[in-house]
Amino acid sequence: MSAFSGREIRVFLAAAALALAAALPLADQGYYLSLAVNVAMYAVLCTAWALFSGPTHYISLATAAFFGLGAYTVGLGIDTVPFAALIAIAGLVSAIVAALVGLATLRLSGVYFVIFTLGLAELTRQVVTWLQTNFTTGVGLYVFTDLAERHIYWMLLALGAAVYLSGWLIARSRLGFAMRIIGNDETVAAHVGIDTAVSKVLLFMISGAFIGMVGAILAPRFAYIEPPAAFNPMISFQVVIMALLGGSQRLWGPLVGVIPFTILFDFVSGQFPNHTNLMIGAAFMLVVYFIPNGIVGVMERLRLRLGLRKTPSASGQEKAA
Amino acid sequence: MSVQPAISVTQARKAFGGLLAVNDVSFEVAPGELLGLIGPNGSGKTTMLNLISGALKPTSGSIALGGQTISGLPAHRIARAGIARTFQLVRILPSLSAEENVLAGAVFGHMRQWGGEARRAARDLLARVGLGGLGATPPSAMTYIDQKRLELARALAGNPRVLLLDEWLAGLNPSELKTGINLIAELRAEGRTIIMVEHVMDAIRSLCDRCVVMSSGALIAQGRVEDVLSDPEVVRAYLGGGDA
Ligand SMILES: Nc1ncnc2c1ncn2[C@@H]1O[C@H](COP(=O)(O)OP(=O)(O)OP(=O)(O)O)[C@@H](O)[C@H]1O
Ligand SMILES: [Mg+2]
């Protein structure tokens with residue numbers, strides 16, 4: 001018997017990777033750190049997005065709405081409330097909005113949900129703009145803090161660890177089990193006693209809360225927060241592309257898509273600044289058309305095929321794993 | 001004072017557009033009774049079960065479980081109140097193992113369990129329906145009868161007050177049919193209340209205390225099995241096919 005179980009090794013590897021990532025600002029505080037902040041930001045956004053969209057198969061375009069709400073929470077409170085508390089409030093606000101949206105829309109079929117969430121980001125942006133023009137002096141907000149890029153980076157890493165831990169705990173909870181049953185057959189789920197609507201809303205709230213917290217953490221980086229930047233719908237699309245590119249059926253799947261895409265995107269937007277939207281559009285179609293189950297899905301199919309060739313008899317068991 | 005019926009259906013009606021799939025049907029099921037629900041194809045049997053399980057809401061009328069009105073409640077509330085079912089076209093959860101399929105009923109059903117206790121219950125039930133030791137098998141690799149057994153185990157896992165079986169014996173070969181009938185007879189012997197939709201008349205004769213006959217959405221007869229099956233109107237409904 002080996003001294004360590006498979007799980008212990010995996011926990012150790014994850015901790016080591018996290019420690020290594022956390023050491024990055026010691027090596028570079030310029031370009032690479034800034035790129036790493038982008039990677040960390042999308043890693044958390046995509047993993048949080050997939051917490052909900054992976055098991056439910058609902059494509060949410062509400063990321064920009066939660067992200068913007070988080071950023072605005074900080075913008076409004078930074079002069080009076082401690083930053084840590086603002087992050088928590090951002091999570092709470094996003095969770096509440098997610099609950100309202102979820103209760104209103106999750107009974108609808110998938111297509112309506114996509115449209116509604118896209119509209120939500122725009123609606124939230126309009127409401128915020130309207131409130132600001134009518135009740136305050138400007139359209140934007142200044143966020144001055146003494147937080148440096150590396151602090152933002154570390155906070156994102158910590159939030160990322162929290163998202164992974166939550167995903168791991170959910171998978172082992174009744175909620176996670178309910179979601180797997182719903183993903184298989186919603187009618188059966190209801191008939192064994194699962195409140196499918198409440199389960200989905202809960203998951204949407206958890207996912208939305210994390211996304212809102214990312215927006216809060218990123219607010220000091222913007223310095224000046226205004227609606228078009230905070231509620232930028234491109235964020236919603238990029239998150240969908242990267243999460244699907246990696247694969248939304250595994251907790252670590254989105255990360256596999258985030259790293260190459262963020263680096264590629266950074267390169268394209270540096271070299272061809274006018275063609276970023278084109279690239280996002282093309283990537284969107286390619287991913288959905290060619291690898292709907294993501295890189296992780298492709299890898300698992302390959303592994304399955306190789307495994308089958310090695311042991312031709314173990315067909316059924318392999319599929320279950 | 002008479003015993004409170006386990007299920008009472010009062011003037012239940014379900015309209016699909018202009019079609020009356022269930023037309024003002026009323027009947028009762030006593031606790032511990034095995035009631036057969038029979039009728040020609042398209043007579044509304046599955047729709048009746050759907051009304052009881054909450055898959056569909058009645059257009060009018062009401063259904064009560066042990067005196068509590070359940071019609072109008074969503075399916076998951078009805079399941080928790082104690083009604084479990086199988087489906088005419090077997091519905092397994094393909095990406096879950098056999099044991100997890102049964103666990104689904106144990107974790108969320110009428111009598112809820114979690115953790116090791118629920119897993120033990122699921123394994124016991126698998127053995128009970130004849131799938132002992134197959135807990136790790138993916139249900140998609142199972143034969144049709146085994147999938148039906150699995151579905152029955154899932155329905156039983158929440159220890160329901162009433163069990164609804166929709167043609168659970170259909171599609172089985174003669175020897176499987178015998179096993180299936182024995183299994184239902186055991187459930188009956190342990191005092192479960194069951195409503196069984198069935199086309200296999202041998203099973204109805206050997207298992208049911210009473211039966212209800214539907215034809216074109218309406219209840220046309222109910223009572224002891226021999227009496228009902230020799231009722232001229234029932235004979236006409238079966239022989240005459242769809243004419244009305
Ligand atoms: N969801 C639905 N929408 C429209 N019509 C329906 C629906 N479900 C059932 N029906 C119709 O209602 C009638 C009764 O159908 P039901 O499935 O209840 O019959 P059944 O007695 O179970 O038949 P079988 O023995 O073939 O299973 C049929 O005419 C059917 O076409
Ligand atoms: Mg039927």
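A salt bridge is taken here as a side-chain nitrogen of Lys or Arg within 4 Å of a carboxyl oxygen of Asp or Glu. In the predicted model, two such salt bridges are found across the interface of chain A and chain B. In one of the pairs, B:Arg91 is joined to A:Asp185, with 2.8 Å between the closest N and O atoms. Polar contacts across the interface of chain A and chain B amount to nine residue pairs, both members being at pLDDT 80 or more.

On the side of chain A that touches chain B, two or more residues are contributed by each of helix H8 (174-184), helix H9 (186-191) and helix H16 (315-320) of chain A. H8(A) provides the largest share, six residues. By class, this side of chain A consists of eight nonpolar, seven polar and five charged residues.

The contact as a whole involves 20 residues from chain A and 26 residues from chain B. About 2100 Å² is buried between chain A and chain B, 63% of it on carbon and sulfur atoms. Of the area that chain A buries against chain B, 33% is supplied by A:Arg174, A:Phe177 and A:His191, more than by any other three residues.

The magnesium ion (ligand 2) is coordinated by B:Thr46 through OG1 and by B:Gln88 through OE1, at 1.9 to 2.1 Å. These two residues link distant parts of the chain, being 42 residues apart: B:Thr46 lies in helix H1 (residues 45-53) of chain B, and B:Gln88 in the loop between strand S6 (83-85) and helix H3 (98-108) of chain B. B:Thr46 is partly exposed, with a relative accessible area of 25%; B:Gln88 is also partly exposed, at 33%.

Terms used: Residues are numbered from 1 along each chain as its sequence is written. Chains are lettered from A and ligands numbered from 1 in the order in which they are written. This is a predicted model: local features need pLDDT of at least 70, side-chain atom pairs count only at pLDDT 80 or more; totals for chains, interfaces and linings use all residues. Side-chain values use heavy atoms; hydrogens and water are left out. Contact means heavy atoms within 4.5 Å. Buried area is the accessible area (1.4 Å probe) that two parts lose on being put together, summed over both. A polar contact is a pair of N or O atoms within 3.5 Å; within protein, one must be able to donate a hydrogen and the other to accept it, and residues adjacent in sequence count only if both atoms are side-chain atoms. Helices (H or I, at least four residues) and strands (E, at least two) are DSSP runs, numbered from the N terminus. Ala, Val, Leu, Ile, Met, Phe, Trp, Tyr, Cys and Pro count as nonpolar, Asp, Glu, Lys and Arg as charged, and the others, Gly among them, as polar. Donors are N, O and S atoms within 2.8 Å of the metal (3.2 Å for Na, K and Ca); water is not among the atoms, so sites may look incomplete. Buried means under 20% relative accessible area, exposed over 50%, partly exposed in between (1.4 Å probe, protein chains only).
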